[in-house]
Amino acid sequence: MVIRFFRGQKTKYEHEHRQLKEIAALLSQDFPDEPIYLLTNVLVANGELDCVILTKNGPLIIELKALKGTVRGSENGPWQVEAEDGKVPLPNLFIQAKTHRHDFIDKMKVICREHFPHIDEDQMKKMKSWVYFCSGSSYPEGQIDLRRVKWFHVVSADTFVDKFRFAESGYTLRQEDMDAIVSGLNLEEYSLGNGRKVNNGNGSAKEEGSGWSLSGRRVKILAGILLAILIISIVPPTHFLVVDAVQGTVTATGNLISSVTKDVFKSTTTEEESRDAIRYLNLVRGANGLQIIRFDPRLFQLAEVRAQDMSTYQYLDYTNPKTGLCADNLKTRFGISPGIYLGENAYGQWNGYTHGIEIAAINSWMTDTGNKRQLLKNYTDGAIACSGGYCSFIGLDQNLNSVGCQVGP
């Protein structure tokens, strides 16, 4: 049976698309007669699931990592990949897999109660959550006791099929159950080959641009406004309560609400946040045997303009396709000599600006070979800024000459 593909959002990264095609090919070859659904870019409470595979044996969550090497990491502490060109630091992938698993279990319980009560909710806890690396990668034994933590594995194309073949859940999903999951998650069917939406003929597939939806940031804004209205309507006029969603505190004010939640209207990186992100990047550079870089306020302003430009024109590239503007032909406006070399990394996420997006961008760039190479050049100065869901890192190398607008990482 042909594998069917469903998505919450379009895949933005080439390495994810490449690995999804690889997984689909492995499944098609070894399980040709089973109905299989691949769900991609599914948003849950604490992030986005790269891939969820639905079969008769239940869901399997897959986190995709476009890295090759020896993977080191356990339940506690950071992880890393020992690659040919050095060590690549990673966040704790065990905790990430565990969080994604709990989030998806919560989603499944709601769908289960409504559509297939014949499956016991406790059985859902047997759901598996794996991390998928490039072919040739290994995860040495003894780091996590996988006999006890049966839901977790680190796999690659070399080991995926063998592990997948024995991934039993203790219950059976019928095809109508899989359809109910797709419907309950509000996913659209698409073709992995060309990325286009598939119209299944019954009107359930979403039309591009039809209806309306709220981005993560708009939802926050709306929630903040509704919260303020609610507070005004129920609290005596002498004192109002203001909720700080970031700090989780409630404070009393005078007759007017003097502030709203920090994150509701915040959509751009501050200079201090950029400095913090460069400190983090310097830890990454140090782990790869590179010199640290200095934070440059001029590059921060340039990166901010670049991120705002991508957000305004809704593109993810090094040159604005409509105006032709790029970091190189904008740099003189910020006091940077026209002959100086600048390199840029660009990042985008569909759900808008979120707390910590600067660090998320750096981690994402480190998982892609081209972006990693660009990020770890011999820069002397740098800065990062994000606007909406777009980020730009600008690095400056005093020893190289300008090459014009950047074509690729």
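## Terms and basis

A residue is called buried when its relative accessible area is under 20%, exposed when over 50%, and partly exposed in between, using a 1.4 Å probe and protein chains only. The model is predicted: local features need pLDDT of at least 70, side-chain atom pairs count only at pLDDT 80 or more, and totals for chains, interfaces and linings use all residues. Residues are numbered from 1 along each chain as its sequence is written, and side-chain values use heavy atoms, without hydrogens and water.

## Aromatic pairs

Rings of Phe, Tyr and Trp (its six-membered ring) pair if their centres lie within 6.5 Å; planes under 30 degrees apart are stacked, over 60 edge-to-face, and the rest tilted. This rule gives 13 aromatic pairs. Tyr132 and Phe160 are edge-to-face, because their ring centres are 5.9 Å apart and their planes stand at 75°. Tyr132 belongs to strand 8 (residues 128–133) and Phe160 to helix 3 (residues 160–165), so the pair ties together parts 28 residues apart in sequence. Helices (H or I, at least four residues) and strands (E, at least two) are DSSP runs numbered from the N terminus. Tyr132 is buried at 0% relative accessibility, as is Phe160 at 0%.

Phe295 and Phe300 form a tilted pair, with 6.2 Å between centres and 45° between planes. Phe300 is buried at 7% relative accessibility, and Phe295 is buried at 15%. One aromatic cluster is formed by Trp79, Phe94, Tyr139, Trp151 and Phe152.

## Strand 14

Nine of the nine residues of strand 14 (residues 340–348) are buried. Strand 14 pairs with strand 16 (residues 390–401) in the antiparallel sense over nine bridges; pairing requires at least two DSSP bridges between strands. Glu344 has Ile394 of strand 16 as its bridge partner.
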